[in-house]
Amino acid sequence: MLALSADGTLPKVDYAIFADTGWEPRAVYDHLELLEREIAKPAGIPILRVTSGNIRDDALDPDHRFASMPLYILNKDGRPGMTRRQCTGEYKVKPIKKKIRDLLGYPYPIRVPKGLFVEQWIGISTDEFHRAKDADVKYMRNRHPLIDMGWSRSDCVHYLRSLGLADTPKSSCLGCPFHGNAQWRNIRDHSPSEWADVVAFDAAIRKGNARANASGNKLLGEAFLHRSRVPLDQAPIDHVTAAEWAARQRSLADADQLEQGVVDGCSPWSCRGEVEAVQDDFGLTA
Ligand code: SF4
C-alpha cells in the first residue's frame, strides 16, 4: 500500500506506521530501511516507528509485566493447551493507537472530540477479506484499499516483483509460535544466529515467563514455541510428505497449518478469535 500510495495509484497517505516488537528478523528491518529510502522518502511519506518495548526481553525479565505470547503448553497431566495471546494488543495495537492519538493532538486520556478521526488503511487482500474489520474506536476508521481494488495476494506479489521487491519478507516476531515448519526451517537453514536466538528463547520459557516465576506463580507444566510441544531444536520441522501425513491420519488442513503456520497469524487489526486461551493457570499472563 505504501508503494501504491507513493506511485499515485492510491491517494498519498500522511504517514505509514511500523509497530516494532523489537524482535523482527534482521531481513524485515533491512527491508523497512529499503522501503523508507527508496519509496517512502522520495514520495514524502514519513514512516513512523512505534513500540511498546522488546517482546523477547520483556518475557525474560522478572521485573517486567509481560503480555503473554500464544505458547503451546503441556499441562502437568499431559493435556495440551495454549496460553492467551496478549502480545499483538500490547506490542502492536497499543503503540499504534497511542501514535494516532498524538497525531490527532489528543493524547490519552484526553477525549478525542466527536467526529474527529483518521482513516487507517489495512493491507488485507481479497483472499483474506474475512479478516477485514471495523475499528473498535471512533477516532479511527478502517479502509482496506487492496480489497477495494480487487487485489489478491498474487496481484500483490506480481506488483512487488515489478518494483524489484520480490523478496519482501514476512513480518512477525522471530520466535512467534504461529510460525509453520517452513518458517522455522527458513530461520534454521539461512540464519544460524537467529536460529540460536529462538532455540535459546524456547528453552528459557519452558517454565513460563520470568515474572510469573519470580512472583512464585510457577508454571505447573511446560511451555513451547513449536506446535509439537517438543523443544525447538528437536522439533519435527523438516518437510513431511503428503503420504506420511495420510499415514498419520492427519487432515490436510492440519498439515498445511503445520507447514505454513497459523493462517491468520499476527496482524494488529485483523486477528481472529480462534487462538484464544484454552489454558491460563500458570500465571503466564501476570
Ligand atoms: S508476531 Fe506472534 S509473538 Fe509477535 S506479537 Fe504477533 S502473535 Fe505475538
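I began at Ile-55, which touches Thr-21, Gly-22, Trp-23, Cys-87, Tyr-91 and Cys-173, leaving out residues up to four places away in sequence; contact is C-beta atoms, placed from the backbone, within 7 Å. I kept in mind that this is a predicted model, where local features need pLDDT of at least 70, side-chain atom pairs count only at pLDDT 80 or more, and totals for chains, interfaces and linings use all residues. Residue numbers run from 1 along each chain as its sequence is written.

Next, the cores. Ile-55, Leu-71 and Ala-223 have the most contacts inside the largest nonpolar core, which has 30 residues. A core here joins buried Ala, Val, Leu, Ile, Met, Phe, Trp, Tyr and Cys residues through C-beta atoms within 7 Å; buried means 20 or more other C-beta atoms within 10 Å, exposed 12 or fewer, partly exposed in between. Helix 4 gives this core its largest share, four residues (helices are DSSP runs of H or I, at least four residues; strands are E, at least two). I also found a second, separate core of six residues, Ala-16 and Trp-121 among them.

Last, the backbone. Most peptide bonds are trans, but a cis one joins Tyr-108 and Pro-109, with omega about 5 degrees. Arg-229, not a glycine, has a positive phi of about 60 degrees; I found Arg-229 in the loop between strand 7 and helix 10 (242-247).

Terms used. Two residues are in contact if their C-beta atoms, placed from the backbone, lie within 7 Å.
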